[in-house]
Amino acid sequence: MYDFYFGERSEIQLDEEKFLISIKRMLPKWMNSIPDSEFLALHRLLNQEAKSRLMIVETGVGASTILFAYHAMKSSGKLFSWDTNAEKASQIRTVCVETISNYLSKDINAHWCFVNSMSTSEFSGLIVLGELGVNVDFFFHDSEHTLDTIVSEIREIAPRMNDGSIICLDDANYNFIKSSLLEFCKSNCKFSFGY
């Protein structure tokens, strides 16, 4: 499906953004709903983290998953993804196998754990990270875009965040979300905020 030539390994290393955007742009629209600018901004944030064994968590699978899987594999870390659309996750896994797994010579299954569940489930949601003893370096919310879901996810993920970790939200359509969500986070989370 994606067995295309992306250049020699040395060429890809010189321009990771071109490589990743090339993969993203081949996705059908139903799997590729974030703009290139957001995709690259997330890539640059993760590059700033540049440490080994990045622990990344996302809610909502899509083009961003390719990016997060790439950084998890590159750093010998782990990506945990929650989504209720297993078909979408399966297609994304295939894309990852045929692109970044080939490039990095690593098994996607050793670095990506997909959970076919709502992130807020009391049995199989983000709560399982505590049971697994996972501390998170980077969290990306892109599941149900309602304040209740966002607050539930942040409430669950906040105690599992490492010092200096990053939380990103894909919720640009709310007019006043920044102020109400920021106030919630300031009173319930132990980390600093940038926006």
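Trainee: Which residues of helix H2 (residues 16-25) are buried?

Mentor: This is a predicted model, in which local features need pLDDT of at least 70, side-chain atom pairs count only at pLDDT 80 or more, and totals for chains, interfaces and linings use all residues. Residues are numbered from 1 along each chain as its sequence is written, and side-chain values use heavy atoms, with hydrogens and water left out. Helices (H or I, at least four residues) and strands (E, at least two) are DSSP runs numbered from the N terminus, and buried means under 20% relative accessible area with a 1.4 Å probe, protein chains only. By that cut-off the buried residues of H2 are Glu16, Phe19, Leu20, Ile21, Ile23 and Lys24.

Trainee: Which helices do the buried residues of H2 pack against?

Mentor: Contact here means heavy atoms within 4.5 Å. The partners of these buried residues are helix H1 (9-14), H3, H4 and H5.

Trainee: Over the face of which residue does lysine 24 lie?

Mentor: A charge sits over a ring if NZ of Lys or CZ of Arg is within 6 Å of the ring centre and within 35 degrees of the ring normal. Lysine 24 is 5.9 Å from the ring centre of phenylalanine 39. The residue is phenylalanine 39.

Trainee: Why does the pair of tyrosine 70 and tyrosine 103 count as stacked?

Mentor: Rings of Phe, Tyr and Trp (its six-membered ring) pair if their centres lie within 6.5 Å; planes under 30 degrees apart count as stacked, over 60 as edge-to-face and the rest as tilted. A search of the whole structure gives 6 aromatic pairs. For tyrosine 70 and tyrosine 103 the centres are 6.5 Å apart and the planes are at 15°, so the pair is stacked.

Trainee: How many residues apart in sequence are the parts that this pair ties together?

Mentor: Tyrosine 70 is buried at 1% relative accessible area, and tyrosine 103 is buried at 9%. Ring pairs also link both of them with Phe19 into a cluster. Tyrosine 70 belongs to helix H4 (residues 63-74) and tyrosine 103 to helix H5 (residues 86-104), so the parts tied together are 33 residues apart.

Trainee: What is the order of strands in the open sheet?

Mentor: Two strands pair if DSSP finds at least two bridges between them. E1 and E2 run parallel and are joined by 5 bridges, and strand E2 (residues 78-83) also pairs with E3 in the parallel sense, over 5 bridges. The 5 strands have the order E3-E2-E1-E4-E5.

Trainee: Which are the edge strands?

Mentor: An edge strand of this sheet pairs on one side only. The two are strand E3 (112-116) and strand E5 (161-169).

Definitions and conventions. Buried < 20%, exposed > 50% of the residue type's maximum accessible area, 1.4 Å probe, protein only.
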